[in-house]
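Welcome! Here is a short tour of the spaces, surface and charged pairs of a protein model. Please take a look at the structure, and then read on.

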Amino acid sequence: MSKSKLEYIWLDGYKPTQNMRSKTKIEENFSGKLEDCPIWSFDGSSTRQATGDSSDCLLKPVAIYPDPARKDGYLVMTEVLNADGTPHESNGRATIDDDDNDFWFGFEQEYFIMDRKTQLPLGFPVGGYPAPQGLYYCSVGGRNTHGRELVERHADFCIAAGLNFEGINQEVASGQWEFQLFAKGAKKAGDEIWVARYMLDRLTEDYGYYIDYHPKPLGKEMDWNGSGMHANFSNTTLRTAGSQEIYEKICEAFRPVVKEHIAVYGEFNDQRLTGEHETQSIDEFSYGVSDRGASIRIPIITVEKGWKGWLEDRRPASNADPYKVAGRIVKTVKSAGV
């Protein structure tokens, strides 16, 4: 008789930024298949998802991956349901209208690695600042590169777990990094970002670090880049359009719903979207070919391939929920009617 450790992962009810929660379920003779992961319950009154007099919420497994850190372990991403089986109001995944997986997403997840003792990003001295940004981006060597061991272990874990992990690089500020994931299907893309975040956060426990997903952890006054979660997206129309007119019509569909997008693009994003540091102002909307200062960038390769490819929404913050970001993008693209 074998016993497996199933780590059920879910998002709590904190607003506007949800936190990951997890707990372990031991299953005997587990097959490793999603359909054999039972629905489980938890105390929603401890996660701001229920009241104490009616505290049970349900965890519905939606994706499963081998856990590289545990023997006979699995990572089980779940949706939160009410006790009657309906989606909980905190369940962003259930709002995504992409049942046919026509939408493909590539997320670029930026983050800062923070030292738990100093409460500062790696490379920042207590009471001062490191050299200005410029030499940290894609750097090599101990003078400008901080946290590589953690980042490399995280990449290995993501690959071992079977995520469609596409790359890593140090970012513009000291102690700032990025990883990229791609998935066919908006829900799957969200699943993989959350599982990757989970493994990254859990790994920091070995180092005395923590991950800060705040889009501007050093303050909006400081001349350091913020952290985003750029969303590269396409559907069949974008992948096959062959028309600048169609691309522009889809981009224009985003203009009247700027507030709706910003509402789910992450807390404190106003500190990051200032019009500086490769961002467009939070109060404005623009798009352009190869323009990293626009709200939506049209990649040059898309144009070179005859207007067949994808778009990049550069506005989502690093702390945004990929489920809500994807759900809103899908809704807006569909509203273009092309």
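How much space lies in the largest pocket? About 380 Å³ lies there. Please keep in mind that this is a predicted model. The points below begin with the open pockets, go on to the closed cavities, and end with the surface and the salt bridges.

**The largest pocket**

- The lining of the largest pocket is made of 20 residues, and those nearest the centre of the pocket are E110, E171, H230, E278 and R314.
- Two elements each give two or more residues to this lining: β6 (104–115) and β9 (176–184).
- Sorted by class, the lining of the largest pocket holds 10 charged, 8 polar and 2 nonpolar residues.

**The second largest pocket**

- In the second largest pocket there is about 300 Å³ of space.
- Its lining has 14 residues, and T17, Q18, N19, D201 and Y213 are the ones nearest the centre of this pocket.
- The elements with two or more residues in the lining of the second largest pocket are α2 (186–203) and β10 (209–212).
- Of the elements, α2 gives the most to that lining, with 3 residues.
- The classes in the lining of the second largest pocket are 5 nonpolar, 5 polar and 4 charged.

**The cavities**

- How many cavities of 30 Å³ or more does the model have? The count is 2.
- The largest cavity holds about 70 Å³ of space.
- Around the largest cavity you will find L11, T78, E79, V80, S90, N91, G92, R93 and Y323.
- Strand β5 (residues 73–81) is the element that gives the most to the lining of the largest cavity, with 3 residues.
- By class, the residues lining the largest cavity are 3 nonpolar, 4 polar and 2 charged.
- The volume of the second largest cavity is about 30 Å³.
- This second largest cavity is lined by K216, P217, L218, G219, M222, W224, N225 and G226.
- In the lining of the second largest cavity, 4 residues are nonpolar, 3 are polar and 1 is charged.

- V289 belongs to strand β12 (residues 287–289).
- Is V289 buried, partly exposed or exposed? V289 counts as partly exposed because its relative accessibility is 39%, which falls between the cut-offs of 20% for buried and 50% for exposed.

**Salt bridges**

- Side chains of opposite charge can pair when their charged atoms come close.
- Over the whole structure, a search finds 16 salt bridges.
- One of them brings together the side chains of K334 and D97, at 3.1 Å from N to O. This pair links distant parts of the chain, as K334 sits in helix α7 (residues 322–335) and D97 in the loop between β5 and β6, 237 residues apart.
- K334 is partly exposed at a relative accessible area of 42%, and D97 is partly exposed at 46% relative accessibility.
- R148 and E152 form another salt bridge, with 3.9 Å between the closest N and O atoms. Because they are 4 residues apart in helix α1 (residues 148–160), about one helical turn separates R148 and E152.
- The relative accessible area of R148 is 33%, so R148 is partly exposed; for E152 the value is 34%, so E152 is partly exposed.
- What does the side chain of R153 meet in a salt bridge? The partner of R153 is D206, at 3.3 Å from N to O. Here, too, distant parts of the chain are linked: R153 lies in helix α1 and D206 in the loop between α2 and β10, 53 residues apart.
- With a relative accessible area of 29%, R153 is partly exposed, whereas D206, with 52%, is exposed.
- Salt bridges also link E79, R93 and D191 in a network. Among these residues, E79 and R93 are also part of the lining of the largest cavity.

Definitions and conventions: Residues are numbered from 1 along each chain as its sequence is written. This is a predicted model: local features need pLDDT of at least 70, side-chain atom pairs count only at pLDDT 80 or more; totals for chains, interfaces and linings use all residues. Side-chain values use heavy atoms; hydrogens and water are left out. On a 1 Å grid over the protein atoms alone, a cavity is a set of points where a 1.4 Å probe fits but cannot get out, and a pocket is an open set with protein on both sides within 12 Å along at least five of seven lines; lining residues have an atom within 4 Å of a point. Grid points are joined across faces, edges and corners, and a volume is the space filled by probe spheres set on the points. Ala, Val, Leu, Ile, Met, Phe, Trp, Tyr, Cys and Pro count as nonpolar, Asp, Glu, Lys and Arg as charged, and the others, Gly among them, as polar. Buried means under 20% relative accessible area, exposed over 50%, partly exposed in between (1.4 Å probe, protein chains only). A salt bridge is a side-chain nitrogen of Lys or Arg within 4 Å of a carboxyl oxygen of Asp or Glu.
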